[in-house]
Amino acid sequence: MVYKCAHCKQTVEIDKDLQGIRCPFCGHRILVKERPTNIKRVPAQ
Ligand SMILES: [Zn+2]
């Protein structure tokens, strides 16, 4: 799962079951889920 740090805005890929949620860059513990905004749209035809 890809998250974005609410503090430093870094994109962080985290398996929360293994390591818990914490930004590896700044140590902040509030990360928000990154939305897939870059989905390529292919004209349907
Ligand atoms: Zn951070």
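**Sheet and two residues**

Modeller: Strand β1 (residues 2–5) runs antiparallel to β2 and is joined to it by three bridges. Strands are DSSP E runs of at least two residues, helices are H or I runs of at least four residues, and both are numbered from the N terminus. Two strands pair if DSSP finds at least two bridges between them. This is a predicted model, in which local features need pLDDT of at least 70, side-chain atom pairs count only at pLDDT 80 or more, and totals for chains, interfaces and linings use all residues. Residues are numbered from 1 along each chain as its sequence is written.

Biologist: How many bridges join β1 to β3?

Modeller: Three, and those two strands run antiparallel.

Biologist: And which residues are the bridge partners of K4?

Modeller: T11 in β2, and V32 in β3.

Biologist: Switching to Y3. Where does it lie, and what does it touch?

Modeller: Y3 lies in strand β1. Leaving out residues up to four places away in sequence, Y3 touches V12, I14, L31, V32, K33 and E34. Contact here means C-beta atoms, placed from the backbone, within 7 Å. Y3 and E34 are 31 residues apart in sequence, with 4.8 Å between their C-alpha atoms.

Biologist: Why is Y3 classed as partly exposed?

Modeller: Because 18 other C-beta atoms lie within 10 Å of Y3. A residue is buried at 20 or more such atoms within 10 Å, exposed at 12 or fewer, and partly exposed in between, with C-beta atoms placed from the backbone.

Biologist: Is I30 buried or exposed?

Modeller: I30 counts as exposed, because it has 11 C-beta neighbours inside 10 Å. I30 lies in the loop between α1 (16–19) and β3 (31–33).

Biologist: What is I30 in contact with?

Modeller: A6 and H7, leaving aside neighbours within four places in sequence. From I30 to Y3, C-alpha to C-alpha, is 9.6 Å, and the two are 27 residues apart in sequence.

Conventions. Contact = placed C-beta atoms within 7 Å.
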